[in-house]
Amino acid sequence: MARPSKLRVAVSDPAQWLSERERAQMLAPKLRALADETRLMLILLIAQRPRTVKELQEATGLSQTLVSHHLAPLREQQLVEAIPKGRSNQYVMCCQTLAEPLRMFASLAAMDPETVAACLHPEADQPAAQGA
């Protein structure tokens with residue numbers, strides 16, 4: 001009997017078939033979910049490692065109800081996922097590839113004006129070219 005051949009599926013990059021407008025329309029609700037200070041704090045904590053509502057409550061000082069309330073939009077936008085663990089749920093990032101950009105983006109808050117200027121004008125960090 002012949003063995004069935006392996007089926008190969010190629011996943012395309014949405015950037016190849018979506019316009020900038022369509023990508024912006026898809027991204028805007030996710031960014032709105034992150035735009036709230038409390039939700040951003042929660043997702044940054046979850047980006048460090050999976051957490052339960054109780055752990056998030058202890059880390060933030062928020063009530064269980066408020067933590068759950070703020071996790072809802074993050075779940076709806078598929079930024080975090082609730083994984084059943086025992087009698088509670090553990091919240092994890094949708095994908096670890098999102099965790100690092102979120103941490104990097106959050107680091108902007110700690111940037112001093114000099115660091116921001118260096119980001120905006122990276123050529124200022126380059127040593128002057130040796131002239132002839």
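Arg51 stands opposite Tyr91 in strand 3. The structure is a predicted model, in which local features need pLDDT of at least 70, side-chain atom pairs count only at pLDDT 80 or more, and totals for chains, interfaces and linings use all residues. Residues are numbered from 1 along each chain as its sequence is written, and side-chain values use heavy atoms, with hydrogens and water left out. Helices (H or I, at least four residues) and strands (E, at least two) are DSSP runs, numbered from the N terminus.

- An open sheet is formed by 3 strands in the order 1-3-2, with antiparallel pairing.
- Strand 1 (51-52) and strand 2 (80-85) are at the edges with a single partner strand each, so one side of each has no neighbour in the sheet.
- Strands pair through backbone hydrogen bonds, either parallel or antiparallel.
- Two strands count as paired if DSSP finds at least two bridges between them.
- Strand 1 pairs with strand 3 (residues 88-93) over 2 bridges, in the antiparallel sense.
- Strand 2 pairs with strand 3 over 6 bridges, also in the antiparallel sense, and Ile83 stands opposite Gln90 in strand 3.
- Strand 2 and strand 3 form a hairpin with 2 residues between them, and Gly86 in the turn has a positive phi of about 65°.

- Gln78 is found in the loop between helix 5 (64-76) and strand 2.
- The phi of Gln78 is near 60°, a positive value in a residue other than glycine.
- Most residues other than glycine have a negative phi.
- Gln78 is exposed, with a relative accessible area of 61% (buried means under 20%, exposed over 50%, partly exposed in between, with a 1.4 Å probe and protein chains only).

**Helix 3 and helix 6**

- The axes of helix 3 (residues 37-48) and helix 6 (residues 96-106) come within 9 Å and cross at roughly 125°; axes are lines fitted to C-alpha atoms, for helices over the stretch in contact, and angles run from 0 to 180 degrees between N-to-C directions.
- This makes helix 3 oblique to helix 6 (under 35 degrees is roughly parallel, over 145 roughly antiparallel, 65 to 115 roughly perpendicular, and the rest oblique).
- The contact (heavy atoms within 4.5 Å) is made by Leu40, Ile43, Leu44, Ala47 and Gln48 of helix 3 and by Gln96, Ala99, Leu102, Arg103 and Ala106 of helix 6.
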